[in-house]
Amino acid sequence: MTDTIVIDWSALPVPIDDGAASHLEGTRLPDFALTSTSGEAVHLGSLAGRTVIYAYPWKKQPDEPLLEGWLAIPGAPGCTPQSCAFRDHADELREAGAAYLFGLSTQHPARQREAVDRLHLSFPLLSDLNLRFTEALSLPTFETAGMKLLKRLTMIVSHGVVEKVFYPVFPPDRNAADVLAWLRAHRPD
């Protein structure tokens, strides 16, 4: 599937590694239920095998403007290109050993459902609307427009334990390919 979204990443501020995700590798995920766009409650900490979870800040709907100052926030733009790249690589990620693939944000499940439908995602998005999961893991966040949003990162989780973290993620549309390359190079014995 191809998309018409073209972003000049060189025109956007690049996020820096502020160390806010350095504690995650080796951490066991809490066994909270997260609301999924598939309608199921997902307990990430209980899933067997490898799980890829990419966290993104905020997906705008086609009929709404960008948040004021959005393009000036390092790492904020790019949620749709990142999701589309994971969509386009989903089969390859599964072949490389990812038993599960999820997007994660603090947005309401109804907004996420619209994105799944519009972008034709073959995997669910998870909502941490109450920030319970985010706070339990001390995931990196930022605030804008009165919202607390996740900074963009991707975790590869094996049997409930974070095995690898990609942070910061930039450019977002390359993240799925980077995750795929890591999975192929680190196949379990």
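# Helix faces, cysteines and backbone exceptions

Leaving aside residues up to four places away in sequence, Gln112 touches Thr37, Tyr56, Ser105, Gln107, Leu125, Leu126 and Ser127, where contact means heavy atoms within 4.5 Å. The model is predicted, so local features need pLDDT of at least 70 and side-chain atom pairs count only at pLDDT 80 or more, while totals for chains, interfaces and linings use all residues. Residues are numbered from 1 along each chain as its sequence is written, and side-chain values use heavy atoms, with hydrogens and water left out.

Gln112 sits in helix H2 (residues 109–119). Helices (H or I, at least four residues) and strands (E, at least two) are DSSP runs, numbered from the N terminus. With a relative accessible area of 1%, Gln112 is buried. Buried means under 20% relative accessible area, exposed means over 50%, and partly exposed is in between, with a 1.4 Å probe and protein chains only.

Gln112 is one of the buried residues of H2, together with Ala115, Val116 and Leu119. These residues cover an arc of only 100 degrees around the axis, so they are on the same side of H2. The arc is that of the directions from the helix axis to the C-beta atoms. What do the buried residues of H2 pack against? Their partners are helix H1, strand E4 and strand E5 (125–127).

The next helix to consider is H4. Its buried residues are Asn175, Ala176, Val179, Leu180, Trp182 and Leu183. Seen down the axis of H4, they fall within an arc of 165 degrees, and therefore line one face of the helix.

Two packed helices are described by the angle between their axes and the distance between the axes. For H1 (residues 79–95) and H4 (residues 175–185), the angle is about 25 degrees and the axes are 8 Å apart. Axes are lines fitted to C-alpha atoms, for helices over the stretch in contact, and angles run from 0 to 180 degrees between N-to-C directions. H1 and H4 are therefore roughly parallel to each other. Angles under 35 degrees count as roughly parallel, over 145 as roughly antiparallel, 65 to 115 as roughly perpendicular, and the rest as oblique.

On the H1 side, Gln82, Ala85, Phe86, His89, Glu92 and Leu93 make the contact. On the H4 side, Asn175, Ala176, Ala177, Val179, Leu180, Leu183 and Arg184 take part. The residues of this contact divide into eight nonpolar, three polar and two charged. Here Ala, Val, Leu, Ile, Met, Phe, Trp, Tyr, Cys and Pro count as nonpolar, Asp, Glu, Lys and Arg as charged, and the others, Gly among them, as polar.

Leu93, in helix H1, is buried, with a relative accessible area of 1%. Not counting residues up to four places away in sequence, Leu93 touches Phe86, Ala98, Leu101, Ala176, Val179, Leu180 and Leu183. Leu93 and His186 are 93 residues apart in sequence and 12 Å apart in space, C-alpha to C-alpha.

How many disulfides does the model contain? The count is zero, where a disulfide is a pair of cysteine sulfur atoms within 2.5 Å. The closest cysteine sulfur to that of Cys79 is in Cys84, 11 Å away, which is too far for a bond. Cys79 is buried at a relative accessible area of 5%, and Cys84 also counts as buried, at 4% relative accessibility.

Most residues other than glycine have a negative phi, and most peptide bonds are trans. His120, which follows H2, lies in the loop between H2 and E5 and has a positive phi of about 55 degrees although it is not a glycine. Leu131 also has a positive phi, near 65 degrees; its place is in the loop between E5 and helix H3 (132–137). At 14% relative accessibility, Leu131 counts as buried.

One runs from Tyr167 to Pro168, with omega near -10 degrees. Another joins Phe170 and Pro171, with omega about -10 degrees. Pro168 lies in the loop between E9 and H4, and Pro171 lies in the loop between E9 and H4 too.
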